[in-house]
Amino acid sequence: MSKIYTKYLEIKNKEKDENKIILFESGVFYIAVADDAITLSETLGLKLTNLTNEIVKSGFPKNKINIYLEKMQMNELKWQIINKENTDTLAITGNEIDKKIDCKNHIIESLKKINLDEITPKQAIDILYDIKIKADEI
């Protein structure tokens, strides 16, 4: 049995929320195993591969974490991230993802309003300042 699967079973046995997806840091990926991998595959369209002959895994690159946590949030999935030392849980809450989504939407809307043919330097600075204030909130 793999170390990740052993840790997965340990966490699932202690966890009160059976529906929480457990993600493990593994090299340059975050991976889920067993039923959690199947849930991610079905919900987010991630490919299933074998961790062992009996256990499936699914995952995504660590540099895409915000994209996939946002997708999980939109699909009302809860998650817990375990670092590679299996000692700490990285606490990224749905509320933090909501703030990032709100900030991203604010930036996009601010940029859509810009008419490059008519904007003055002061207006450009004001827009950048507004975006910075919003980004500082997260």
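1. Housekeeping. This is a predicted model, in which local features need pLDDT of at least 70 and side-chain atom pairs count only at pLDDT 80 or more, while totals for chains, interfaces and linings use all residues. Residues are numbered from 1 along each chain as its sequence is written, and side-chain values use heavy atoms, with hydrogens and water left out.

2. Overall layout. The chain has 5 helices and 6 strands, taken as DSSP runs (H or I, at least four residues, for helices; E, at least two, for strands) and numbered from the N terminus. Reading from the N terminus, the order is α-β-β-α-β-β-α-β-β-α-α. Of the 138 residues, 33% count as buried (under 20% relative accessible area; exposed is over 50%, partly exposed in between, with a 1.4 Å probe and protein chains only). Among contacts (heavy atoms within 4.5 Å) between residues at least 6 apart in sequence, 51% join residues at least 24 apart.

3. Strand E1. Have a look at residues 21–26: 5 of the 6 residues of E1 are buried, so the strand is largely enclosed by the rest of the structure. E1 runs parallel to E5 (residues 79–82), joined by 4 bridges (two strands pair if DSSP finds at least two bridges between them). In that pairing, Ile21 stands opposite Trp79.

4. The E1–E2 hairpin. On the E2 side (residues 29–33), E1 pairs in the antiparallel sense over 3 bridges, and Glu25 has Tyr30 as its bridge partner. The two strands make a hairpin with 2 residues between them, and Gly27 in the turn has a positive phi of about 65 degrees.

5. E4 and its partners. E2 also pairs with E4 (56–61), in the antiparallel sense and over 5 bridges; here Phe29 is partnered with Pro61. A hairpin of 5 residues connects E3 to E4.

6. Helix H2, inside and out. The buried residues of H2 are Ala34, Asp36, Ala37, Leu40, Ser41 and Leu44. They cover an arc of only 155 degrees around the axis, which puts them on the same side of H2 (the arc is that of the directions from the helix axis to the C-beta atoms). As a reminder, an α-helix has 3.6 residues a turn, so residues three or four places apart point the same way. The face turned away from the buried side carries the exposed residues Asp35 and Glu42. Cover for the buried residues includes H1, E1, E2, E4 and helix H3 (65–74).

7. H1 against H2. H1 (residues 3–14) and H2 (residues 34–44) pack at an angle of about 90 degrees, with their axes 9 Å apart. Axes are lines fitted to C-alpha atoms, for helices over the stretch in contact, and angles run from 0 to 180 degrees between N-to-C directions. The two helices are therefore roughly perpendicular to each other (65 to 115 degrees; under 35 would be roughly parallel, over 145 roughly antiparallel, and the rest oblique). Tyr5, Tyr8 and Lys12 in H1 meet Ala34, Asp35 and Asp36 in H2. By class, that contact has 3 nonpolar, no polar and 3 charged residues, where Ala, Val, Leu, Ile, Met, Phe, Trp, Tyr, Cys and Pro count as nonpolar, Asp, Glu, Lys and Arg as charged, and the others, Gly among them, as polar.
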